[in-house]
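Hello,

I am passing a structure on to you today, and below it you will find my notes on what turned up.

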Amino acid sequence: MENRSKIAIIGSGISGIAAAKQLRKHNPVVFEATGCIGGVWKHCAFRTTKLQTPRCDYEFSDFPWAERDNSSFPSNMEILEYLHQYATHFDVLKFVEFDSKVVEIRFIGDRRKSEEYGSLLSGQPVWEVGVQKTGSETVQWHAFEFVVICVGKYGDIPMIPKFPQSKGPEVFKGKVLHTLDYCKMNQEETTELLKGKKVVIFGFKKSAIDLAYECALENQGPEGQTCTMVIRTPRWTVPHYSVWGLPFYMFYSTRAAQFLHERPNQGFFRSLICTALSPMRKMASKIVESYLTWVLPLEKYGLKPDHPFEEDYASCQMPILPEDFFSEADKGKIDFKRASKWGFYEGGVELDDGRRLEADVVVLATGFDGKQKLNAMIPDPFRSLLEFPSGMMPLYKGTINPLIPNMAFVGFIESVSNLHTAEIRCKWLSRLADDKFKLPSIEKMLGDTVEEIDIMKRTTRFYKRSCISTFSINHTDEICEEMGWKAWRKSNWLAEAFSPYNSQDYADKED
Ligand SMILES: Cc1cc2nc3c(=O)[nH]c(=O)nc-3n(C[C@H](O)[C@H](O)[C@H](O)COP(=O)(O)OP(=O)(O)OC[C@H]3O[C@@H](n4cnc5c(N)ncnc54)[C@H](O)[C@@H]3O)c2cc1C
């Protein structure tokens, strides 16, 4: 057993690198299962995958993008390069142990019941982390006082739908794969997979849309085949960040816009105001919907969602379309079919209404099983507390499970810019580790998380995605207040009310 550092960080994607930077004075050890940093941007992206958040929102507060005013969305390779530059600039790569997968964690602390959460760095080891090096059978154990889990919600473990008996992939004569398999292919392999093939894609989220687009690009010309997307729930998709000539942020990302939305700890009178303002909230959603229905052929292709736009926004699901996605549909290269259930037959896919789609290749763009990653690592009884009491992860300030001592989770409760939310929470964690402030009682923290989850539940039917995008400014206000920072950070009230907040507003001026 080795004990070199007090803090372990598991994962070196955006969240893990943000945590390593903010906790660097403690010389943390970052265990990374693969041979490189970047997480999903390295292992879960396609040739055409781009960031969907505007560049200036997906930026570390002390490390601006070289071309931060460039309005184009950076590619996954550009994001990786930006992250590398950041990690190199702040010299955090030296903390990362590559090819080191955490396979198990054991609790070795004192679990006598207390009303308080306790200090993150108490001088006593609390967790043992079991690490397996790539290609080795041996598990090495390391003891730590504090563990930060940054293993991500996406990638690593595919979510495979359940199929009725004798209608699973085994009856299909063609090839079935998940987007995760597709990400591992090089360009030659993807061309061979898609070119001239009848491809069916299940799903209509970001990966499904990007894949259908790549499939269309491979099938140009008269010999090209059509790629068919099978869609259960259409989502509101967005071509760019402007609505009827107004910047998109005006609808959801300013204090004035978020004033219309519920937020945790808002009190009785604010609840009343929120109820009174709900018609305005609905109107904002309708304005966006009317624009999207006007500018995109959603009705033509039967893709107009049945739910309000706000519900997709509030669940952090708002795919940005590749520029000429619908031009490819107009050319007949992408087709859309709605179905709530499906299965395979020998020659392709059978939908719930009996329609059959011939296929050579079927790609499941059905998402990832992020929970399984945590369940595999976290020991009992803490595993059963991961989603206690409401069936969703109760994370105080998006980071601390009040019932799991000396462990933090970064990257699990999302927002429009996951980089920004990860960074500000890691700043908060670093000050908490330094005992610059104390956490409230466990009861109060649990109460806050339950309230936050209730708001998500009231705002969107897709609440299980754990997203705070409709009250993100308030969420960060509370983090600032706890750190002893000023929450309102603009230079005048006009900017405070009507300009968007991004990472730059939270640069460490107070340090
Ligand atoms: C296609 C796609 C597009 C996206 N677009 C956007 C966007 O536009 N804007 C936005 O804000 N967010 C977007 N996201 C969400 C994205 O996941 C986050 O922005 C962010 O990159 C997540 O970083 P992370 O570090 O939390 O997780 P990840 O990137 O998943 O990194 C987790 C890391 O942990 C490692 N790991 C996992 N298990 C272990 C283990 N047991 N031991 C050691 N290491 C382990 C993994 O190898 C990985 O390196 C997108 C996601 C995807 C998949």
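A word on naming before the tour: helices (H or I, at least four residues) and strands (E, at least two) are DSSP runs, numbered from the N terminus. Please also keep in mind that this is a predicted model.

**The chain as a whole**

The chain contains 17 helices and 18 strands. Along the principal axes, its C-alpha atoms fill a box of roughly 70 × 60 × 45 Å. The radius of gyration is 23 Å, which agrees with the value near 24 Å that a compact globule of 511 residues would have. Of the 511 residues, 42% are buried. If you look at contacts between residues at least 6 apart in sequence, 73% of them join residues at least 24 apart.

**Around the ligand**

There are 37 residues around the ligand, and G11, G13, G39, G152 and G411 come nearest. Sorted by class, this shell has 16 nonpolar, 16 polar and 5 charged residues. Which elements each supply at least two residues of the shell? They are the helices α1 (14-22), α2 (40-43), α6 (206-218), α12 (370-377) and α14 (418-433), together with strand β4 (100-107). The largest share, 3 residues, comes from α1.

**A pair of helices**

Helix α6 also packs against α5 (residues 187-194), at an angle of about 80° and with the axes 9 Å apart. That angle makes α5 roughly perpendicular to α6. On the α5 side the contact is made by T190, T191 and L194, and on the α6 side by E214, C215 and E218. By class, the contact has 2 nonpolar, 2 polar and 2 charged residues.

Is V200 buried or exposed? With 26 other C-beta atoms within 10 Å, V200 is buried, because 20 or more count as buried. V200 sits in strand β9 (residues 199-202). Leaving aside residues up to four places away in sequence, V200 touches T228, V230, G348, V349, L357, A359 and V362. The C-alpha atom of V200 is separated by 24 Å from that of Q52, which is 148 residues apart from V200 along the chain.

D352, by contrast, is exposed, with 12 other C-beta atoms within 10 Å. D352 lies in the loop between β15 (348-351) and β16 (356-358). With residues up to four places away in sequence not counted, D352 touches A339, S340, K341 and W342. Between the C-alpha atoms of D352 and D110 there are 54 Å, and the two are 242 residues apart along the chain.

**Some backbone details**

Most residues other than glycine have a negative phi, and most peptide bonds are trans. Here are some places to look at with that in mind.

- The peptide bond from D380 to P381 is cis, with omega near 5°; P381 is in the loop between α12 and α13 (382-385).
- A cis peptide bond also joins F388 and P389, where omega is about 5°; P389 lies in the loop between α13 and β18 (407-409).
- D91 has a positive phi, near 55°. D91 is in the loop between α3 (76-89) and β3 (96-97), and counts as exposed with 11 C-beta neighbours inside 10 Å.
- D156 has a positive phi of about 65°. D156 is in the loop between β7 (146-149) and β8 (175-178), and is buried, with 20 other C-beta atoms within 10 Å.

Enjoy exploring it!

Best wishes

Methods:
Residues numbered from 1 in each chain as written. Predicted model: local features only at pLDDT ≥ 70, side-chain atom pairs only at ≥ 80, totals over all residues. Near = placed C-beta within 6 Å. Nonpolar A, V, L, I, M, F, W, Y, C, P; charged D, E, K, R; others polar. Rg over C-alpha atoms; globule rule 2.2 N^0.38 Å. Contact = placed C-beta atoms within 7 Å. Axes fitted to C-alpha atoms, helices over the stretch in contact; angles between N-to-C directions. Parallel < 35°, antiparallel > 145°, perpendicular 65-115°, else oblique.
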